[in-house]
Structure formats: structure tokens, C-alpha cells
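Thanks for asking for a walk through this model. Here are my notes as numbered points, meant to be read with the structure open beside you.

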Amino acid sequence: MIRKIIRIDAEKCDGCGRCAKACHEGAIGMVDGKAKLLREDYCDGLGDCLPACPTNAISFEKREAPAYDEKAVRESRQKVRQPGGCPGMRAKTLRHADLSCMQQPSEPPSELMQWPVQIKLAPASAPWLKDADLLIAADCTAYAYSGFHEKFMKGRVTLIGCPKLDECDYADKLAAILEQGGVRSVTVVRMEVPCCSGIVNALKEALRISGKSVPWQAVTLSTDGKIL
């Protein structure tokens, strides 16, 4: 049948995942860091996802598509409410296991404000970087410090990386973020191990390249999870 249905422009999509969260029917999911219409028969054509998209990557179109299957949507939503169901699945990247089903109701919510989180994957001009308080964290820090979300991530845009394993210099990417994103402040969290100094040095070089004067601080964690 010919009906109104959403269209997602992959070129404009910055991978923030807001549309997937806004889609109550579960029609949208994240695949390889991009939003994708996974089930046309789950899309009701009302467009709750449109205002959630910060880059205007979603629009309406009229084309051949299966009819909206309200019964299937209702059954799908019922399944994720049952024990063992994972309600966060539709907002996750499908190639990875969804761990949200392991969370208990008493656990505090995630403080992650955006997606993607890897420094090398984050678009330098992403709208969520504008006027942001930026956290640049070495990969290991969240595992070392038990209260990482509450202490460091809350209220900040989080970008992570490992200067040793990634085998790259983040300076140019961070410089582009500082130039285009309008970042207000930067907090770097690193481990006490020597290789982690690379992430601090990259920020210093990025500040030099960009010519930006942005307040920043560095926090060092010990391998047993203490703030030094």
C-alpha cells in the first residue's frame, strides 16, 4: 500500500540515537552508528521521532510500504516488559549484546548524554558538542573508579580513547572539536600508568593548534581506583 512513512538520511544522521528513544513503537534502531528504520510495519507515520532529531535527518515520504501493524507493535512491547526482555534493545547497536536487561530497577541511570563516545568516531561538528562541558576519559578509567558516572560523566559530554591501543594522535581531532564545537570546558580523566599521559598531551597540543583558550583540568586515577 502507498502510505506516509519516515525516511532517514544517513548522511545527515550523527548517530545520537535520540530518534530511537523517541520511537515508542520500536521501529528505529542503531546500526553501525547510524539510525535505521528496522521495521516499516512498526512505523505509524505520526513522526514522534522528527522533533527528536537534532540534524533534521528524518522526514516524511509517501511510498509503497507495509501497513502499520498495531498488534505486532503491542506484542513486541509486551515482550520487552517480561522478565528477560531488554527494553533498551532498539536504541542500541544491533551488532552488540544489549546489557540493559542486566540492570536492576535500583541501579542508578546512565549519565551518558550522547553517541558515539569514541574520540575518533565523534563528529567534530556534532550539535551536542556546542557549549558542552567535555569529559575526555581514558578507556580504563570507568572500570577503575566505581562512581565514574556520577563523579565525572554527569552533566558532561563524554569522549573516550586509549592513546596506546588506538595507535593514533588525538590532537588534530580534539583541535577540530574545540574549533567547531564551542566547548566550554574540558576535564581529562586518565590512569596513573605512563601511556595515559598521551591523552593529556593530545589535549595540550589540540589547544595549541586550535588557538582556543578553554579552561581544563586533569584527574589521575590509581590502578586501585583512587583519585590521586
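1. Let's begin with helix H6, whose buried residues pack against E5, E6, H5, E7 and strand E8 (216-221). Those buried residues are Ile-199, Val-200, Ala-202, Leu-203, Ala-206, Leu-207 and Ser-210. Buried here means under 20% relative accessible area, exposed means over 50%, and partly exposed is in between, with a 1.4 Å probe and protein chains only. Packing rests on contact, that is, heavy atoms within 4.5 Å. Helices (H or I, at least four residues) and strands (E, at least two) are DSSP runs, numbered from the N terminus.

2. Before going on, a word on the source: this is a predicted model, in which local features need pLDDT of at least 70 and side-chain atom pairs count only at pLDDT 80 or more, while totals for chains, interfaces and linings use all residues. Residues are numbered from 1 along each chain as its sequence is written, and side-chain values use heavy atoms, with hydrogens and water left out.

3. In general, an α-helix has 3.6 residues a turn, so residues three or four places apart point the same way. The length of H6 agrees with expectation too: its 14 residues should span 20 Å at 1.5 Å a residue, and its end C-alpha atoms are 20 Å apart. That expected span is 1.5 Å times one less than the number of residues. Just after H6, Gly-211 takes a positive phi of about 75°.

4. Now look at the largest nonpolar core, which has 28 residues. A nonpolar core is a set of buried Ala, Val, Leu, Ile, Met, Phe, Trp, Tyr and Cys residues joined through side-chain atoms within 4.5 Å. Trp-128, Leu-134, Ile-136, Leu-174, Ile-177 and Val-186 touch the most other members. Two or more residues each come from strand E5 (133-138), strand E6 (157-161), helix H5 (171-181), strand E7 (185-191) and helix H6 (197-210). Of these, H6 gives the most, with 6 residues.

5. Leaving aside residues up to four places away in sequence, Val-186 touches Leu-134, Ile-136, Leu-178, Leu-203, Val-214, Pro-215, Trp-216 and Gln-217. Apart from this core lies another, of 21 residues, among them Met-30, Ala-35, Cys-49 and Ile-58.

6. H5 is followed by Gly-182, whose phi is positive, near 70°.

7. What is the sense of the pairing between E5 and E6? The two strands pair in the parallel sense over 5 bridges, where pairing requires that DSSP finds at least two bridges between the strands. Ile-136 has Leu-159 in E6 as its bridge partner. E6 is mostly covered, with 4 of its 5 residues buried.

8. Met-30 belongs to strand E2 and counts as buried, at 2% relative accessibility. Gly-15 is 15 residues from Met-30 in sequence, and their C-alpha atoms are 7.5 Å apart in space.

9. Some backbone details are worth checking by eye. Asp-32, in the loop between strand E2 (28-31) and strand E3 (34-37), has a positive phi near 55° in a residue other than glycine. Asp-32 counts as partly exposed, at 49% relative accessibility. Asp-131 also has a positive phi, of about 55°, although it is not a glycine; its relative accessible area of 44% makes it partly exposed. Asp-131 lies in the loop between H2 and E5. Pro-116 is found in the loop between helix H2 (70-81) and E5, and the peptide bond from Trp-115 to Pro-116 is cis, with omega near 5°.

10. Finally, the whole chain. The protein chain has 6 helices and 8 strands, and buried residues make up 43% of its 228 residues. Among contacts with a separation of 6 or more, 72% join residues 24 or more positions apart.
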